[in-house]
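Student: Could you take me through one part of this structure in detail? I would like to see how a single piece sits among its neighbours.

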Amino acid sequence: MRTLREFRAGRPSFYPDQSVYAAYACAEFGLAFADIDGGTGLVVSVASGTKTIHFGAGRCSWYPQNSATASTLASDKYFTNIILERAGVPTLGGDYFFLHDRHRAHRPRGHEREDARNLFRKLGAAVFVKPLAGSRGDFAQMIRSEASLLRYFTEVSHYYDAVLMQPVVAGLEHRIFLLDDEIVYCAQKYPPALLGDGLRSIADLLIAHNEALRCRGLSPVALTDDNDTALDTVLPAGARWDIPGRMNWSAGATMMLDAPRSDAALALARRALHALGLRVAAVDLFTNIEADAEAMRVIEVNANPSIRLLEQHDRGDLILKIWRHTFLSLGLLAR
């Protein structure tokens, strides 16, 4: 059996992770994998002796065992919150606001930019805002002044139609990956950080960090005014400077395989999965909110989660477990 590293070797850097994992899983389970887009991995097929299924990169789902309706609901952060709260699953709440006037006749009042400013003031001029249907931490950031909020709306409006505004919450952030009721892995998230070299200032290191984010199609780091005085500091070689805000792996955060110290957190993740009608999902949640060991809330539910973390931690066995679930669900493998 070839290793996962061997399946990735020689492929271009843009080659989709899940196409690599699909090929790896097909070899393990005796299925036929085909890259049908000239070696790009953007469109692939998996076939048994009697059935062929196609997968596409980008926003296409790699988990067809989730229904289209459930996946679509989960992709909208406000819809997700409404459904979870109705099921008794605590969330961070918040409200959504549109950044454009188009389609205004098709939506209720109370969700325009001026309404967002009112909520911003109500929440004490400190909020966390992110695109309503965004992913990978793109434009997810804290806002602490009305001027910053208006600039944020202008910038984000070039890429998205609506945002979700929520209160700022401090706690331990976790990701729990589930297949039906089974928890496949848990991970704790840690903020992205700059690594000092003894020569460049934090501002210069941020320039390089932000350029790497832009190349991956992500928004740059946005700092609050509280950080301005630190930007001229030159970090000693090897010293870390945590970047506040988003905790997404795609944006440079670190994720370590580690279960929450509470069975209640695992139960909460299962309840979120059931409420949305999903079979596969990564549930992101806060525990120990404001140092309260009992306080926890779901941040969001990802119905098409990346599993690159498992490759980084040499857990090809879990990647195979996830793909076996997919193949069984599609009837490509016999039970």
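Tutor: Happy to! Let's look at strand β2, residues 43–47: 4 of its 5 residues are buried, so this strand is largely enclosed by the rest of the structure. Buried means under 20% relative accessible area, with a 1.4 Å probe and protein chains only. Strands here are DSSP runs of E with at least two residues, numbered from the N terminus.

Before going on, keep in mind that this is a predicted model, where local features need pLDDT of at least 70 and side-chain atom pairs count only at pLDDT 80 or more, while totals for chains, interfaces and linings use all residues. Residues are numbered from 1 along each chain as its sequence is written, and side-chain values use heavy atoms, leaving out hydrogens and water.

Now for the neighbours of β2. Two strands pair if DSSP finds at least two bridges between them. Strand β1 (residues 32–35) pairs with β2 in the antiparallel sense, over 4 bridges. You can find one of these by looking at Ala34, whose bridge partner in β2 is Ser45.

Stay on Ser45 for a moment, and turn to strand β3 (residues 52–56). In β3, Ser45 has His54 as its bridge partner. Strands β2 and β3 also pair in the antiparallel sense, over 5 bridges. These two strands, β2 and β3, form a hairpin, with 4 residues between them.

Notes:
Buried < 20%, exposed > 50% of the residue type's maximum accessible area, 1.4 Å probe, protein only.
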